[in-house]
Amino acid sequence: MIKKLITYSSVLFSMSTLGAYASQVPQVQQTQDTYLIDSGEGYSVYEVSGTDYQTYVSSLQRQMSSAALNVSSQEMSDTPSSADYQVASQNVSTQAYVFDSLVGVMNSDLPYSHKLDILSDYDVTPNDALDKVEIGLLIVDKNQADYQLGNGLALKSATLQNGEVTPFGFCKKRWHNRTKAGSFSLASLSDSYDKGNLSFNVDSGISGNISYELSYKYKTNRCSFKVPYKHSITGFKAKGSLHSNGGSISINGTVIDTTQNMLFDESLLNGGIDKELDFWVGPVRIVWSHEFDLRARLAGGIRVDAQMGLNFDVNGKYQFDFKCDMVGENNCYNASETVNTFEAKLKNPTLTGGVSVRARVQPEIAAVYTQRAGIYLKGLSPVRLTLDTFLYGYAELWAYYGNSCGDGNYDGVNEVIGGAAIDAGVGVAGKFSWRVFSNRNEEPLKIKLLDGWIEKELDGRGEYMAIQKSLYFDELIESDAFLPVVDAPDVILSGDNKVKVAMRSCFPYSSPITYQVMFGDGTTKEVTGSPSGVFVDHTFNDYVSYPITVKALKDSESRNFRSISSTREVTASPDGITTFNPVYFVTVL
């Protein structure tokens, strides 16, 4: 804002008259040296010269000297400075602008740059509703205004509140204008969400490039630390293109799983063997107990897994060039948008889904060993460790139906298949668990972690041994659910390369598979890896077609699979694309 003229002099204005200010500009007490030269809606302009002006200059000098001796640094911003006095003393007269509203500011003949600077202190622009902004009484010294803006300094002013002139804006707030530009690329807009044992996945298939330019400003106070305390966006531009080429929505996971439920659990040792050792540590009695039990158990239940998905091909393109100028409360008042191309077509939507069901029974003979450390009583156990080692047999029936198993014949379409298998065998497993401060109800202590105050139970569990062997396996309904596939493009790079082989996604077991891979050039390799896929190395020659055939022989749990195979033909090229090299063919011929 602008340098205050009348703040420290009672000669120029009648305080009683200003105190009677209501909704109109007050009438200043005029003298021979102070007289009205212009007026309009919301403002009056007075010429101040002669004795009145000299009295004003003297008042500035006295108050500046007094402030240097008596006023704290916190109050210094509300007192005249030496620069204020020098500007005033170098002139013999000034024009005093008196405003009662920002409408009056805009109606006056002040330079437009002065007007904008005054409005900026109220965070408004000429396009806003200026008559709604309360400013009290604003007094502007024209000499000071010209000096401040001419030297790139803050404008200063005085305001009138409750009949008294109060310093306002001696350390005027200043807006700093900035621009930030950049660009980014979208590889694919996708997201996933897990709820319990279900997983939700969305891939929009949208990608593209966007460039932007953001114009903003922030305000600081020149007379203090220049720390931004307010921000405002002044403009925004964005230009780019987006395109879509296919996408998918899928839901998959376990709907129900009761296969680990205990249907029967009894001790074979009449409650087990329990030995206690107690000793004293000072006044504290420690009870150290050892418990052993041999138990007969029967676990079993069913598990249902489901998959559902929608694959779609949306060929769309959107190009845009957007601009927006902001004013006031970040409202967009001047927006323009140019859309060069917008088209979208949904084609070839495919729905996939499948359900697999397992029914399992598992008789067990378990040796359970537990150590507890208790204080005074066994029931009050600060620490407990349990080792559960058991031999078991199992019988499992598995069935599947649907088309979520993938493409087994490489024609681009998921086949609908149905199949069933039976599996029986034996195994040995070891599990451990521990708890801190568990009670008789086997409930662990809960604590609050400092990081986010997350509730955490002081316990844990895991497996230290798991060996399982299948003794009998057979496909009750033969299907392509047990068909291995070659995961490779139609054209690959020649030279040393890798080809991925895997079981189909509905394959029911997780133990490592031994694959047999034949490359069609007389080379056969065996490789062992996960059912989800393993890579096989091979050297491919230029412009040669390779019919790659894969079989699944067995897994690490001794399941021997039916001799079925799939073949995918790939062509090797030095650049990874289908090309025709006449020189090569002439040489061969």
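Biologist: Which residues does Val-501 touch, not counting residues up to four places away in sequence?

Modeller: In this predicted model, Val-501 touches Val-485, Val-486, Tyr-515, Val-517, Gly-533, Val-534, Val-536 and Val-550, once residues up to four places away in sequence are set aside. A contact here requires heavy atoms within 4.5 Å.

Biologist: What makes the set around Val-501 a nonpolar core?

Modeller: A nonpolar core is a set of buried residues of types such as Val, Tyr, Phe and Ile, joined through side-chain atoms within 4.5 Å. The largest such set has 32 residues, and Val-501 is among those with the most contacts inside it, together with Phe-482, Tyr-515, Val-517, Phe-540 and Ile-548. At least two residues each are supplied by β16, β17, β23, β24, β26, β27 and β28, and the largest share, 4 residues, comes from β27.

Biologist: How do you know that this core lies between domains?

Modeller: Domain 2 (173-477) and domain 3 (483-573) both give residues to the core, so the core lies between them. There is also a second, separate core of 17 residues, which includes Tyr-97, Leu-102, Ile-118 and Val-140.

Biologist: Why is Asp-555 called buried?

Modeller: Its relative accessibility is 5%, and buried means under 20%, so Asp-555 counts as buried. Asp-555 is found in strand β27, which covers residues 545-555, and beyond its neighbours within four places in sequence it is in contact with Ser-511, Pro-512, Ile-513 and Phe-561.

Biologist: What makes the approach of Asp-555 to Arg-559 a polar contact?

Modeller: The two side chains come to 2.7 Å, and the cut-off for a pair of N or O atoms is 3.5 Å, with one able to donate a hydrogen and the other to accept it.

Biologist: What makes β22 and β25 the edge strands of their sheet?

Modeller: The sheet is open, with 5 strands in the order β22-β28-β27-β24-β25 and mixed pairing. Strands β22 (491-493) and β25 (524-529) each pair on one side only, and that is what marks them as edges. From one strand to the next, the twist averages 35°.

Biologist: How do you know that β24 and β25 pair?

Modeller: Pairing asks for at least two bridges between two strands, and β24 (residues 513-518) and β25 share 6 bridges in the antiparallel sense. Within these strands, Met-518 stands opposite Thr-524 in β25.

Note on methods
Residues are numbered from 1 along each chain as its sequence is written. This is a predicted model: local features need pLDDT of at least 70, side-chain atom pairs count only at pLDDT 80 or more; totals for chains, interfaces and linings use all residues. Side-chain values use heavy atoms; hydrogens and water are left out. Buried means under 20% relative accessible area, exposed over 50%, partly exposed in between (1.4 Å probe, protein chains only). Axes are lines fitted to C-alpha atoms, for helices over the stretch in contact, and angles run from 0 to 180 degrees between N-to-C directions. Domain bounds come from an automatic or database domain assignment.
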